[in-house]
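Student: Please show me how to read this model. Where should I start?

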Amino acid sequence: MVKYFLGQSVLRSSWNQVFAAFWQRYPNPYSKHVLTEDIVHREVTPDRKLLSRRLLTKTNRMPRWAERFFLANVAHSVYILEDSVVDPQNQTMTTFTWNINHARLMVVEERCVYCVNPENSGWTEIRREAWVSSSLFGVSRAVQEFGLARFKSNVTKTIKGFEYILAKLQGEAPSKTLVETAKEATEKAKETALAATEKAKDLASKAATKKQQQQQQHYV
């Protein structure tokens, strides 16, 4: 059994403004549960669509009775993958998100479509769907109910966070173009990957040196 959510929200800002705010919405006073965000992949397709994948780290407290199933240091953190497709020509942005850990306890999958409101071209409509499932034997229904209630609460926070960032962006310089946004994000991703590679090399070097020292001590 899966709990299903269907909702619709309207932001009283243009699609271009919402698109710009989407990439800048963290941090905001309503997103304190979002700890980190990292771009894993980004590209502009030949038909001028922007494809992105991001990794988000969030803290979402579990029910106390569920915490006993997980280690204390990971019980309050969840890793979220977010895929998005931006079509500037048709002014649509579609996002898919799902958690990649704690999947045995609960999986929350969400699909959002951001498009121009048909009744007011200066507003943006968000059509949101979500599926909450659990494979935890005996308590799956309780987990799903809890997950759905928390999801609805987070949707309210998401909209408030959007409105906060949109208000903050009013009067600022024009948004960067799609290509500029993708280029900057790609460079940032390369820098992050390079730093991670260098750190891995350093750790490997230290490990090799330590092993060599241990071998020398063994033969002494």
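Tutor: Start with the elements: helices (H or I, at least four residues) and strands (E, at least two) are DSSP runs, numbered from the N terminus. The protein has four helices and seven strands. Their order from the N terminus is β-α-β-β-α-β-β-β-β-α-α. This is a predicted model: local features need pLDDT of at least 70, side-chain atom pairs count only at pLDDT 80 or more, and totals for chains, interfaces and linings use all residues. Residues are numbered from 1 along each chain as its sequence is written, and side-chain values use heavy atoms, without hydrogens and water.

Student: How many residues does the largest nonpolar core have?

Tutor: In soluble globular proteins, nonpolar side chains tend to be buried together. A nonpolar core is a set of buried Ala, Val, Leu, Ile, Met, Phe, Trp, Tyr and Cys residues joined through side-chain atoms within 4.5 Å. Buried means under 20% relative accessible area, exposed over 50%, partly exposed in between (1.4 Å probe, protein chains only). Here the largest core has 17 residues, with Trp23 and Phe162 among those with the most contacts inside it. Helix 1 (15–22) gives this core its largest share, five residues.

Student: Which residues join in a salt bridge with 2.6 Å from N to O?

Tutor: A salt bridge puts a side-chain nitrogen of Lys or Arg within 4 Å of a carboxyl oxygen of Asp or Glu. Asp83 and Arg53 meet at that distance. Asp83 lies in strand 4 (residues 77–87) and Arg53 in strand 3 (residues 50–59), 30 residues apart. Asp83 is buried at 18% relative accessibility; Arg53 is partly exposed at 29%.
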